[in-house]
2 protein chains.
Amino acid sequence: MALSTQGYKGTRDFYPPDKRLQKFIFGKLREVVESFGYQEYDAPLLESLEIYAAKSGQEIVSEQLYSFEDKKGRQLAIRPEMTPSVSRMVAARRQELPYPLRWYSIPNLWRYERPQAGRLREHWQLNVDIFGVEGLAADFEIILIADTILKSFNSTDDMYSIKINSRRLMAKLLEAEGIKGQQQPIAMRYLDNYKKLAGEKERNDFLKKATASAEQAGKIYGAIEAVAGKSGSLQAAVQNSQDSRALRELLSMLKDSGVNAVIDPFVSRGLDYYTDIVFEVFDNHKENNRSMFGGGRYDGLVGLFGVEPLPTVGFGMGDVTLQRFLDLHGLLPNLKPETDAVVILIGDVFKAASEMVAELRGLGARLAVDSSGRKLDVQLRSAVKSGVPFVIFLGSEEIAGSNFKLRNLKSGEEMVLATRQAADTLNSRR
Amino acid sequence: MALSTQGYKGTRDFYPPDKRLQKFIFGKLREVVESFGYQEYDAPLLESLEIYAAKSGQEIVSEQLYSFEDKKGRQLAIRPEMTPSVSRMVAARRQELPYPLRWYSIPNLWRYERPQAGRLREHWQLNVDIFGVEGLAADFEIILIADTILKSFNSTDDMYSIKINSRRLMAKLLEAEGIKGQQQPIAMRYLDNYKKLAGEKERNDFLKKATASAEQAGKIYGAIEAVAGKSGSLQAAVQNSQDSRALRELLSMLKDSGVNAVIDPFVSRGLDYYTDIVFEVFDNHKENNRSMFGGGRYDGLVGLFGVEPLPTVGFGMGDVTLQRFLDLHGLLPNLKPETDAVVILIGDVFKAASEMVAELRGLGARLAVDSSGRKLDVQLRSAVKSGVPFVIFLGSEEIAGSNFKLRNLKSGEEMVLATRQAADTLNSRR
């Protein structure tokens, strides 16, 4: 029985054009975040299960985690997100690290869920975090970076919306209606899903499932309706609250830096560890009108590792979502292959040709030698198929003259060039 | 109870200086293999267990694999090596891809084994493969690339040894002594371990474990001794064989390109899929005198996926081993942080400073603003600790003049510069 060529469900095979696009995107991400003084770190793909159980939220841990036991009975998980890992690493060197600490990473992450447009089981996610800043300057910077990244791909303000909210403010409003302790994160997840729930029945069903109690469900349902009712709408309740000063100040700082954002009471992020300001970025494209990514402040996570707590703000941006956004808005570039030319050998010249090719490589040229021994026309067809801009013919004549015969595969133009000129010509077409 | 800050056994946390070193090394690897016309691909971290069961060798599958079932009962494995994945991907597009196909990847791999110097549970591995070339030109190129990589880090010929062998030739010599079929891969693994087995008893024990039969063990043991006995040594048996022509020709091609290699009958690679020429690179350092990495020809693997077989040669080079080699030989560079300067704000200038900082970033500067609100001397100490080459002071005076006050943290020198000059100064110190 032949093995299947199909990869595992919800994953992607990256053929060279796909990988090239990913590298282009990651290159841009690195460029932007490094311009803000962030440095790259990484953590292991497998972590102890307990670091997710603590704060990642019930949905992830009980339903979406790839977890298993190793032979020594250790409970492990393939990381579904990077925040617990980075918190662990910072906690391990809490005293030695310089603050404000600015770190980023582009880890490979896994979630066990039904694959859909913009959501896969395996993805990569840019994680950007700033540690050690209590004030709004950190929240401002993190949202500014998210905006700068989108603009670095030439997207414009009309293509996306940035929505901000404060979980601390929401918690106060809920508390005034009697929602406290463990009910609060459930209420936050309810708000996070609110707009996807079609009506009263669906909303109640969601809450019953989340609380496992009809009474609790009714209490949360009623509290949210009460908050909204008193001010006319949730939006108004938030806007009019005395505690919305920070949100309004943040909006103004962002505006000064050319970032459009609005307050939205339904933005609360699914994860339980957020403590105050949260934000989400929505795609405005009519085929993809949904939240793309987000982040916020999570001042409590580092402290869970037994060290002094550390104020932290960060966000995560998934590659599948970002690429879908760029694709829908026509922002993906055409990228050239990493190879400048295929070298076709004419006659039995392998040894002498190898020396000349090595010399040209030494000047920065990226050359694939066709060593298949096939007929010339077959070699030429393969070269064209591979998408390289040039072929180079090397026969006894070229070798005798230390020349390279270049053919531009687009124009058909042929040039016989010395080594340095050949290198310059190849470099100029990148 | 606080969570542990310890990562999972056999893994590494990459703090920014560690990650920087890894990026430097991977950058060199990419540069060299791309100069030979190789293009990067990638595959999912999780694969169906069966693709390893087919050919990776019993030791990996039964003892060293992280494998588990998903909720639908699919048998999955975290990849321990990349070769089955790349074979699957090539097979899936067997007809469309242009040959010779040159692909590389630097995947994250996992093996469940006792961590030791140069061997960890999580590592990265450069994989370089050429598909579609039957002749020695492919074997030559793959070994030349391995050698070029080591030299690109400034290592010299005396630091490492390249040893080559032919599994096809070994198979012929064994067959002449009655070793056939399933006994052959066991004999190959025996040769691969031969030098680590102290004497006759250990050798027999290894074979008894591998064959699960004292009779079979004795047969293989006797056959190897017989091959060696007839020519005086295994080395002589290989050298004198009429079938060693290809090995000798390969040595000569390598020599012409400045690559030192020798024939070694004990090089056979642990993996069962190799079909002919194999090679290994050994560290000559007295503290690390061992095989670092290797590869060879595996013409049968793509065909296991139900398509026409494809001649293939490749190698894998692990990052832990490579880094250890570079470290022992004093070849690791000192790398500068990705951040050019920490910006220290003097007084309440956040808004105006943000604009100037954005402008300087636009010219390529990588700037971290200290937004912690701490005292000046604390901010300065943090900047020094972070290892950046410069701090920039921005107060009302600098802002009024649209200037940046740069302090070189090494020399102590201070300069007041306009935006363009400041960018040039920061860029020149990278």
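## Around B:E63

B:E63 sits in helix α3 (residues 58-63) of chain B; helices here are DSSP runs of H or I with at least four residues, strands are E runs with at least two, and both are numbered from the N terminus. B:E63 is partly exposed, at a relative accessible area of 41% (buried means under 20%, exposed over 50%, partly exposed in between, using a 1.4 Å probe and protein chains only). Going by C-alpha atoms, B:E63 and B:E34 lie 35 Å apart in space and 29 residues apart in sequence.

A word on the model: it is predicted, with local features needing pLDDT of at least 70 and side-chain atom pairs pLDDT 80 or more, while totals for chains, interfaces and linings use all residues. Residues are numbered from 1 along each chain as its sequence is written, chains are lettered from A and ligands numbered from 1 in the order written, and side-chain values use heavy atoms, leaving out hydrogens and water.

## Where the chains meet

On to the interface. Here 94 residues of chain B are in contact with 94 residues of chain A (heavy atoms within 4.5 Å). The two chains bury about 7700 Å² between them, 57% of it on carbon and sulfur atoms; that area is the accessible area (1.4 Å probe) lost on putting the two parts together, summed over both. On the chain B side, B:L3, B:Y15 and B:Q39 lose the most area to chain A, together 10% of what that side buries.

The interface of chain B and chain A also has 10 salt bridges (a side-chain nitrogen of Lys or Arg within 4 Å of a carboxyl oxygen of Asp or Glu). One of them links B:K19 to A:D42, with the closest N and O atoms 3.2 Å apart.

## A sheet in chain A

In chain A, 5 strands make an open, mixed sheet in the order β14-β13-β15-β16-β17; strands count as paired when DSSP finds at least two bridges between them. β14 (367-370) and β17 (414-418) of chain A are the edge strands, each with a single partner, so one side of each has no neighbour in the sheet.

At one end, β13(A) and β14(A) pair in the parallel sense over 4 bridges, and A:I344 stands opposite A:D370 in β14(A). With helix α13 (residues 350-362) of chain A, β13(A) and β14(A) make a right-handed β-α-β unit (strands pointing away from the viewer, the path from the first strand over the helix to the second runs clockwise). Both faces of β14(A) are covered: A:L367 and A:V369 are buried on one side, A:A368 and A:D370 on the other.

Strand β16 (residues 403-408) of chain A runs antiparallel to β17(A), joined by 5 bridges. There, A:R407 stands opposite A:E414 in β17(A).
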